[in-house]
Amino acid sequence: MAWAAKDQITLGRKRAERRETLAGIGFILPSLVGFIIFILIPVIMSLGISFCDWNFLRGWGAMKFTGLKNYISMFSDDWFFVSFRNNIIFTAVTIPLLIIFGLVMGEIVNRHVFGGKAIRVMIFIPYIASIVAVCTVWQVMLQPSYGPINSALRAMGISNPPRWLVDQNWALVSVMMIYIWTQIGYYVAVYMAGLKNVPVDIYEAATIDGASSVRQFFSITVPMVKPTTFFLATMGIIGSFKVFDIISVLTNGGPGNSTSVMAFYIYRSAFEEFKMGYASALAWALFIVIFLITMIQWKFQKNFTNE
């Protein structure tokens, strides 16, 4: 009887575990199916298409295998090198500035500003606003002839202000400035969340020891939020290599190719020039660049932890 009772208990446990397993599979199955259909299969297909010459408007029958031709063509493509250079400049300028401004503004709002919640909401609004609306407003503000910014500069005595988005020398600078303005709210919000985990006792002890606010910032705040900085730097770099919408709405890659970046050039190659094979090769080249940069960042991850 005792053995039979134990067998019944064991059988009941197995049935319960089986039900839990089936329930878990049922919960993850929709997401798993969506991932396979909309991400995994397209990624695998894009790898195969990258070895082909294909105008998708002509159907699958027009696909021709060309081997490594698309990858070799990159090395003689001026648009590719300009887009890649612009992307490197874009990342090298925007991400450090976003990290610096985000941390400084987060510290100021967190410790030195009354009504920090309201200020935080105001700073965060550009991040959640429609990018089309934001770009339209900035296009009006930066209009060379009658825009308010150039009008203010002329009133200050600058007779020949920059032409901003229509000047090859200033277009990328203008886009980076607008991108920083739209993203800074996210960086401030994340840094403020990280600053909440810094013990107040440390600041109080530093104040008693006579440390100034600037000294506390560099000796306490910056080291204590290094994991947050690592997270923002990693995600920021990946995001900066995928930037597309702000370029497409503001400048469409122009004037010339002065603001073309990798994501925009991939779109242009695929849906304007209908070179889907070459666009897929560009996408995989971009993936390799992002992957290598991310691996390098993870290699130095220990330098950004507080352990």
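Q: How much space lies in the largest pocket?

A: Rolling a probe the size of a water molecule over the atoms shows where empty space is left. Here the largest pocket holds about 650 Å³ of space. A pocket is an open set of points on a 1 Å grid over the protein atoms alone, where a 1.4 Å probe fits, with protein on both sides within 12 Å along at least five of seven lines; lining residues have an atom within 4 Å of a point. The volume is the space filled by probe spheres set on the points, which are joined across faces, edges and corners. Please keep in mind that this is a predicted model, where local features need pLDDT of at least 70 and side-chain atom pairs count only at pLDDT 80 or more, while totals for chains, interfaces and linings use all residues. Residues are numbered from 1 along each chain as its sequence is written, and side-chain values use heavy atoms, leaving out hydrogens and water.

Q: Which residues lie nearest the centre of the largest pocket?

A: They are Val43, Ser46, Ile266, Ala283 and Trp284, out of 27 lining residues.

Q: How do I read a salt bridge here, and how many are there?

A: Side chains of opposite charge can pair when their charged atoms come close. The cut-off is a side-chain nitrogen of Lys or Arg within 4 Å of a carboxyl oxygen of Asp or Glu. This structure has two salt bridges. Arg268 pairs with Glu273, with 2.7 Å between the closest N and O atoms, and Glu273 also meets Lys275 at 3.2 Å, N to O. Through shared partners, Arg268, Glu273 and Lys275 form one network.
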